Amino acid sequence: MKLRLLKEWNGKEPGKVGVFLSEYGEQMIKDGIAELLDEDYVVEQMPIKEEPQQDPVYIPIPVPMSYFNDETNKEKITKPKK
Amino acid sequence: MPTTGIINGTLMRLYKDSTAIGYATSCQMNISSAMREILTKDSAAGGWREVKKGQLSGTLSTEALYAGPGDASTNYLFDDLFTDLVAGTALTIKFTTDVVGDNVYTMSAICTSLDLNAGVEENVSYSASFEVTGAIVKTTKA
């Protein structure tokens, strides 16, 4: 369980947060040493390493010139009738 | 209620007394039994080695990210283990998920090595090894 210290404990100042075994943590709460933050919490938040983002790579694909024959024509799109 | 199925390794961690060893990324417990070789003039003939159980022993190790005195946590950190290693303190260690019904492995162990690693543009991390002194006791969390 995750607790926040309300009083000094083992040389650690009040306000510090830590993960404790539930039995021991419950006793700390009863003794007023700490307050409960999360009962089921087991793992602390790990620092996340920033991975460098790679820019997308555009690979030119060769096409025949005929592919561009209709480039200047307007596309014949008709609205569907309601 | 105990955890059903394969236990997620993230949840099983090492605790010093009842305080988690902080920022751990992996934890290992090794239990081994030494073997006594039984070699007599009677048994040597077949050419096959015979052994019997010898002394039991255990080790623990963990890998974790490093946080210094400025860290705002009460968890057991590298600096605490450093103090224990120098002093040769035997620590009460528990290896558990802290879930009711799951196993709790409790043992006394001495920190035998600490390796601190600091690579360029990497998290500072460390690994710690422990030698178990005495028995490893398996109980169920009530």
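Strands (E, at least two residues) and helices (H or I, at least four) are DSSP runs, numbered from the N terminus. The model shown is predicted, so that local features need pLDDT of at least 70 and side-chain atom pairs count only at pLDDT 80 or more, while totals for chains, interfaces and linings use all residues. Residues are numbered from 1 along each chain as its sequence is written, chains are lettered from A and ligands numbered from 1 in the order in which they are written, and side-chain values use heavy atoms, with hydrogens and water left out.

**View 1. Arg13(B) in strand E1 of chain B.** Arg13(B) lies in strand E1 of chain B and is buried, with a relative accessible area of 3%, where buried means under 20% relative accessible area, exposed over 50% and partly exposed in between (1.4 Å probe, protein chains only). The side chain of Arg13(B) reaches the backbone oxygen of Ile21(B) at 2.8 Å.

**View 2. The two faces of strand E1 of chain B.** In this strand, residues 13-16, both faces are covered: Arg13(B) and Tyr15(B) on one side, and Leu14(B) and Lys16(B) on the other, are all buried.

**View 3. The strand partners of E1(B).** Two strands pair if DSSP finds at least two bridges between them. Strand E5 (residues 90-96) of chain B runs antiparallel to E1(B) and is joined to it by four bridges, with Leu14(B) standing opposite Phe95(B) of E5(B). Strand E2 (residues 19-20) of chain B is likewise antiparallel to E1(B), the two being joined by two bridges, and here Tyr15(B) stands opposite Ala20(B). The hairpin of E1(B) and E2(B) has two residues between the strands, and in it Asp17(B) takes a positive phi near 55°.

**View 4. The interface of chain B and chain A.** Contact, meaning heavy atoms within 4.5 Å, involves 29 residues of chain B and 20 residues of chain A. Between them the chains bury about 1,900 Å², 53% of it on carbon and sulfur atoms; buried area is the accessible area (1.4 Å probe) that two parts lose on being put together, summed over both.

**View 5. A salt bridge between Lys141(B) and Glu23(A).** A salt bridge is a side-chain nitrogen of Lys or Arg within 4 Å of a carboxyl oxygen of Asp or Glu, and the rule finds two across the interface of chain B and chain A. In the one formed by Lys141(B) with Glu23(A), the closest N and O atoms are 3.8 Å apart. On the side of chain B that touches chain A, E1, E2, strand E3 (24-37) and E5 of chain B each supply at least two residues.

Technical notes: Polar contact = N/O pair within 3.5 Å; in protein donor to acceptor, adjacent residues only side chain to side chain.
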